[in-house]
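Subject: Structure handover

Hello,

Here is the structure I promised to pass on. Please open it next to this email as you read.

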Amino acid sequence: KNDPLVLFMPSGKRGRFPVGTPILDAARSLGVYVESVCGGRATCGRCQVSVQEGNFAKHKIVSSNDHISPIGPKEQRYASVRELPDGRRLSCSSQILGDLVIDVPQDTVINAQVVRKAATDRVIERNAAVQLCYVEVDEPDMHKPLGDLDRMKAVLEKDWGWKDLLIAPHLIPQVQGILRKGNWAVTAAIHRDMDSSRPFIVGLWPGLKNEAYGIACDIGSTTIAMHLVSLLSGRIVASSGASNPQIRFGEDLMSRVSYVMMNPDGREAMTKAVREAVNGLIGKVCTEGEIDRHDILDMVIVGNPIMHHLFLGIDPTELGQAPFALAVSGALQYWAHEIDIEVNRGARLYMLPCIAGHVGADAAGATLSEGPHRQDKMMLLVDVGTNAEIVLGNRQRVVAASSPTGPAFEGAEISSGQRAAPGAIERVRIDPETLEPRFRVIGVEKWSDEEGFAEAAASVGVTGICGSAIIEVVAEMYLTGIISQDGVVDGAMAAKSPRIVPNGRTFSYLLHEGDQRITVTQNDIRAIQLAKAALYAGIKLLMEKQGVDHVDTIRFAGAFGSFIDPKYAMVLGLIPDCDLNEVKAVGNAAGTGALMALLNRGHRREIEETVRKIEKIETALESKFQEHFVNAMAMPNKVDAFPKLAE
Ligand code: FES
């Protein structure tokens with residue numbers, strides 16, 4: 001009872017241990033994940049921890065550096081060869097002498113560099129599927145004719161507790177050579193998240209192998225985003241993106257499905273294209289991180305249902321028509337080489353589950369990242385693309401749906417619309433008195449009414465409006481009375497401002513007159529109204545399913561969400577009324593979810609279980625959808641109040 005109390009951070013796990021217990025053993029027995037490759041020989045340095053000093057009254061612990069054994073010869077030797085940062089200790093070689101608060105460094109901090117405008121810094125606790133285990137194998141003995149592999153398995157069980165080990169067949173012929181090359185010392189990579197639930201030897205190296213990497217990848221219809229991560233420290237080594245080469249088969253998802261339907265080898269061509277792109281991107285992050293791609297041992301992939309199917313070589317035709325049947329919805333595991341991914345021959349690949357026919361593994365990734373199911377607040381999670389994926393829920397219950405927003409939010413179907421690229425207008429303000437606009441252009445550091453704008457803009461030009469500016473300009477037009485609540489441009493305004501120009505039987509707003517004439521037409525406004533009404537109607541359906549009339553917090557995932565201003569989204573009624581401080585853009589949350597599943601296999605079980613429980617709503621089948629849609633055409637809405645917006 002009077003044994004010292006040890007608290008591990010950031011997990012908060014604690015327990016009492018007899019004086020003299022190695023810190024690593026204490027961590028292990030509490031299920032705190034501390035990396036170790038050398039098995040406590042003080043050579044790998046992976047087990048580093050630090051002591052937090054002070055009086056932790058809340059936990060009734062006074063922790064001090066005197067409560068840990070002083071640096072001994074093993075640590076000294078390690079420090080002299082490999083250097084041990086100040087305050088760090090090797091947990092395998094230091095013992096508990098008194099009460100301690102131990103900090104287990106988690107190098108994966110998802111912050112602003114990874115996630116644009118991240119809500120908060122976030123730490124992903126590590127518990128990777130792959131573990132490196134160094135062992136010293138008995139030399140062959142004529143009196144005990146046990147095979148090399150069998151003796152290696154025996155010591156892996158003895159030193160590391162691995163029972164019932166399986167081995168990847170391609171390694172079997174290599175065991176002999178690797179053991180001798182390493183002079184009977186080898187490092188085995190053990191994968192412990194296989195379908196069979198038996199641990200699996202997936203890699204083998206002579207001597208001490210002290211690094212292994214993983215890939216987290218989000219395959220979007222437009223962009224493929226990737227992180228290269230150290231599985232041992234959790235450090236993000238490199239992050240990069242590339243455009244999805246499937247674009248040449250069709251801009252949006254449905255045109256890619258029709259390409260498959262029209263062309264006998266269409267599916268195969270698109271599968272090949274996306275796999276090549278993923279391989280290319282792996283090459284890029286490896287060059288950037290200066291690592292060998294064969295040191296990659298684990299991968300996690302997310303993507304919308306059509307990207308998911310095409311990547312796996314599954315025909316997506318069924319997803320193009322009701323009942324939008326997924327060929328497979330559960331999580332999947334592969335050997336990476338089975339789907340032509342060039343990494344280590346023993347590398348595994350895990351695909352997150354899909355939620356429904358239009359709500360894919362990317363939405364599952366975003367759900368894992370933002371965690372509506374982990375909290376009491378009613379959270380709305382929206383990923384806007386050609387299809388909006390919508391998740392709404394809390395700890396009690398989560399529901400999901402997709403809504404056919406169409407490509408208007410991405411600048412398509414808009415007369416002067418374009419992708420977010422240099423030259424695109426990204427921000428717009430309209431003076432309520434004069435109705436004169438001011439705007440910002442991507443690639444130009446000034447607002448259009450600032451001195452020197454014309455010179456600064458000369459190099460990129462002003463070429464069109466991107467998605468974020470479409471939202472802003474329509475919202476500003478509404479706020480200044482240029483358009484009515486129903487979205488009609490008021491022709492009478494033409495007398496007040498030369499910016500209101502006739503266009504056939506309707507009127508347009510002249511935003512910019514330069515090399516290109518950029519106007520917002522009545523049709524543009526209609527397209528935005530249709531898109532936002534579809535999104536809102538989908539959200540409204542989910543709110544009804546949940547029996548709530550407001551949401552507590554809103555998360556915008558995806559590129560679109562990173563650029564739009566929540567205030568304008570609410571002015572237009574894209575999203576329901578909510579405290580503006582609770583509306584946040586979370587960047588590529590799907591990719592963050594993939595990263596979490598890569599670094600912690602517990603998150604794989606968490607999302608598998610969550611997705612099983614999520615109630616899927618098919619908007620096309622809901623009779624109320626049409627009614628919500630019609631009401632949502634008005635700005636912000638015909639029937640729903642927006643009290644928080646008024647504040
Ligand atoms: Fe390798 Fe401690 S476990 S140095």
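Below is what I found in it, grouped by topic.

Two points come before the details. This is a predicted model, in which local features need pLDDT of at least 70 and side-chain atom pairs count only at pLDDT 80 or more, while totals for chains, interfaces and linings use all residues. Residues are numbered from 1 along each chain as its sequence is written.

**Cores**

Start with the nonpolar cores. A nonpolar core is a set of buried Ala, Val, Leu, Ile, Met, Phe, Trp, Tyr and Cys residues joined through C-beta atoms within 7 Å. A residue is buried if 20 or more other C-beta atoms lie within 10 Å of its own, exposed if 12 or fewer, and partly exposed in between, with C-beta atoms placed from the backbone.

The largest nonpolar core holds 174 residues. Those with the most contacts inside it are C217, M299, I301, A364, A400, V474 and A594. Helix α11 (residues 522–546) gives the most to this core: 13 residues. Helices here are DSSP runs of H or I with at least four residues, strands are E runs of at least two, and both are numbered from the N terminus.

Look at C217. Leaving aside neighbours within four places in sequence, C217 is in contact with I224, M226, V278, M299, I301 and A594. Contact means that the C-beta atoms of two residues, placed from the backbone, lie within 7 Å. Another core, of 24 residues, lies apart from the largest one. Among its residues are A27, I96, V101 and V104. As background, nonpolar side chains in soluble globular proteins tend to be buried together.

**Helix pairs**

Two helix contacts are worth a look. Axes are lines fitted to C-alpha atoms, for helices over the stretch in contact, and angles run from 0 to 180 degrees between N-to-C directions.

Helix α3 (residues 148–160) and helix α4 (residues 172–181) cross at roughly 75 degrees. Their axes come within 9 Å. The two are therefore roughly perpendicular. Angles of 65 to 115 degrees count as roughly perpendicular, under 35 as roughly parallel, over 145 as roughly antiparallel, and the rest as oblique. D148, L149 and M152 of α3 make the contact with I172, V175, Q176 and L179 of α4. By class, that gives 5 nonpolar, 1 polar and 1 charged. Ala, Val, Leu, Ile, Met, Phe, Trp, Tyr, Cys and Pro count as nonpolar, Asp, Glu, Lys and Arg as charged, and the others, Gly among them, as polar.

Helix α5 (residues 253–262) packs on helix α6 (residues 266–289) at about 130 degrees. These axes are 7 Å apart. This pair is therefore oblique. From α5 come R256, Y259, V260 and M262, which meet G266, R267 and M270 of α6. The contact has 4 nonpolar, 1 polar and 2 charged residues.

**Strands**

Two strands pair if DSSP finds at least two bridges between them.

Strand β13 (residues 200–206) is mostly covered, with 5 of its 7 residues buried. Strand β11 (residues 166–167) runs parallel to β13, joined by 2 bridges. There, I167 has I201 as its bridge partner. Strand β12 (residues 185–191) pairs with β13 in the antiparallel sense, over 6 bridges. H191 stands opposite F200 of β13.

An open sheet of 3 strands has the order β26-β27-β28, with antiparallel pairing. β26 (500–503) and β28 (517–520) are its edge strands, each pairing on one side only. The twist averages 45 degrees from one strand to the next. Strand β27 (residues 506–513) is joined to β28 by 4 bridges. E513 has R517 of β28 as its bridge partner.

Most residues other than glycine have a negative phi, and most peptide bonds are trans.

- The bond between M9 and P10 is cis, with omega about 5 degrees. P10 is in the loop between β1 (5–9) and β2 (14–16).
- The bond from A322 to P323 is cis, with omega near 5 degrees. P323 is in the loop between α7 (305–312) and β18 (332–335).
- N183 has a positive phi of about 55 degrees. N183 lies in the loop between α4 and β12. With 12 C-beta neighbours inside 10 Å, N183 counts as exposed.
- W184 has a positive phi near 75 degrees. W184 is in the loop between α4 and β12. W184 is partly exposed, with 18 other C-beta atoms within 10 Å.

Best wishes
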